[in-house]
Amino acid sequence: MQDRELSNATVSFGLSAAIVNVFNGLLVILKESNQDTLLAWMKTVTFHHWITHGLLDLILFVVIGFILSKTNAGKGVSMSANALILVLVLSVVIGYTLIAGFFLLE
Amino acid sequence: MSDLILLSHPLFGVLGILAGVWVLVDALNVTPQTEGRVRSVSMLAAALIWLAYIFGGYWYVFSYTPEKAIILKGPWPFAHAFFMETKEHAFFMLLLLATFLPIAARNKLAASPGARKLVCWTAVLVIGLGLMMDGSGAFISMGVKLGLMPAAAPM
């Protein structure tokens with residue numbers, strides 16, 4: 001199946017995790033800055049904004065990973081392990097900084 | 001019952017961190033014979049972090065409100081305003097990476113240095129984020145404790 005360094009699923013879901021890590025941080029800022037609209041809507045979806053937030057992250061993780069795995073005629077995105085590691089680490093740093101920075105400054 | 005649920009959260013979290021350390025050490029020294037074990041422990045780490053999420057999330061949604069009020073009225077309001085708010089949202093990154101760990105571990109680790117490196121780095125991120133969650137939990141507990149203590153009498 002693979003003479004490539006990483007499997008299609010690994011690159012696709014690794015990239016998906018990185019994308020959702022940043023999305024997660026941005027959603028925190030967006031919902032906390034728009035409590036009467038976005039946060040209120042998120043509360044109506046599952047009765048608690050945090051549950052909706054987690055569900056959105058998990059659904060996006062699965063959907064983006066699945067879509068990426070089907071690109072390039074089903075071969076998925078080609079990426080080296082070093083590049084994927086860099087993207088993952090950066091996404092964690094950016095995601096955590098967005099969240100912690102927002103609540104530190106709020 | 002609420003206390004048991006609350007205690008289950010750090011219990012599964014710490015066990016998940018330890019499983020992450022196991023994956024890291026095993027992946028660093030992986031051979032074709034031990035690849036299966038790395039995959040199994042990766043699954044275990046993911047399952048333990050998911051259990052920490054489910055128990056912690058249940059407690060946060062249904063039982064945290066009174067303790068939040070205690071923290072906010074006490075001397076350490078930042079235990080909620082910063083540590084809990086950051087923890088409850090950063091936990092999602094930990095959950096995603098723990099879920100990704102067994103996917104990354106399905107590659108041919110003994111034959112591919114790149115795949116091995118990816119598993120090691122993912123385990124490091126799971127361990128690091130797990131420890132940050134654990135440390136934040138300590139601040140939150142202390143915030144409740146200080147909020148429940150009577151104000152110090154003047155000397």
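**Figure 1. The contact between chain A and chain B takes 39 residues from chain A and 35 residues from chain B.** Contact here means heavy atoms within 4.5 Å. The model is a predicted one, in which local features need pLDDT of at least 70 and side-chain atom pairs count only at pLDDT 80 or more, whereas totals for chains, interfaces and linings use all residues. Residues are numbered from 1 along each chain as its sequence is written, chains are lettered from A and ligands numbered from 1 in the order in which they are written, and side-chain values use heavy atoms, with hydrogens and water left out. The size of an interface is often given as the accessible area lost when the parts come together. For chain A and chain B the buried area (the accessible area, with a 1.4 Å probe, that two parts lose on being put together, summed over both) is about 3100 Å², and carbon and sulfur atoms give 77% of this area. Trp50(A), Tyr96(A) and Phe103(A) supply 24% of the area that chain A buries against chain B, which is more than any other three residues.

**Figure 2. The side of chain A that touches chain B draws at least two residues from each of α1, α3 and α4 (81-105) of chain A.** Helices are DSSP runs of H or I with at least four residues, and strands are runs of E with at least two, numbered from the N terminus. The helix that gives the most to this side is α4(A), with 14 residues. By residue type, the side of chain A that touches chain B divides into 22 nonpolar, 13 polar and 4 charged residues, where Ala, Val, Leu, Ile, Met, Phe, Trp, Tyr, Cys and Pro count as nonpolar, Asp, Glu, Lys and Arg as charged, and the others, Gly among them, as polar. Between the two chains there are 0 salt bridges, a salt bridge being a side-chain nitrogen of Lys or Arg within 4 Å of a carboxyl oxygen of Asp or Glu. The rule for polar contacts does find 7 residue pairs across the interface of chain A and chain B, both residues being at pLDDT 80 or more; such a contact is a pair of N or O atoms within 3.5 Å, where within protein one must be able to donate a hydrogen and the other to accept it, and residues adjacent in sequence count only if both atoms are side-chain atoms.

Figure 3. Within α3 of chain A, Thr52(A) is buried at a relative accessible area of 4%, and its side chain makes a polar contact of 2.6 Å with the side chain of Thr46(A).

**Figure 4. Asn72(A) and Ala73(A) lie in the loop between α3 and α4 of chain A.** Most residues other than glycine have a negative phi. Asn72(A), however, has a positive phi of about 55 degrees although it is not a glycine, and Ala73(A) likewise has a positive phi of about 55 degrees. Ala73(A) is exposed, with a relative accessible area of 80%.

**Figure 5. Arg37(B) and Asp26(B) form a salt bridge whose closest N and O atoms are 2.7 Å apart.** The pair links distant parts of the chain, with Arg37(B) in helix α2 of chain B and Asp26(B), 11 residues apart from it, in helix α1 (residues 2-28) of chain B. Arg37(B) is partly exposed at 40% relative accessible area, whereas Asp26(B) counts as buried at 9%. The count over all chains comes to 2 salt bridges, and Glu35(B) also forms one with Arg39(B), where the closest N and O atoms are 3.4 Å apart. Glu35(B) and Arg39(B) both lie in helix α2 of chain B, 4 residues apart, about one turn of the helix.

Definitions and conventions:
Buried means under 20% relative accessible area, exposed over 50%, partly exposed in between (1.4 Å probe, protein chains only).
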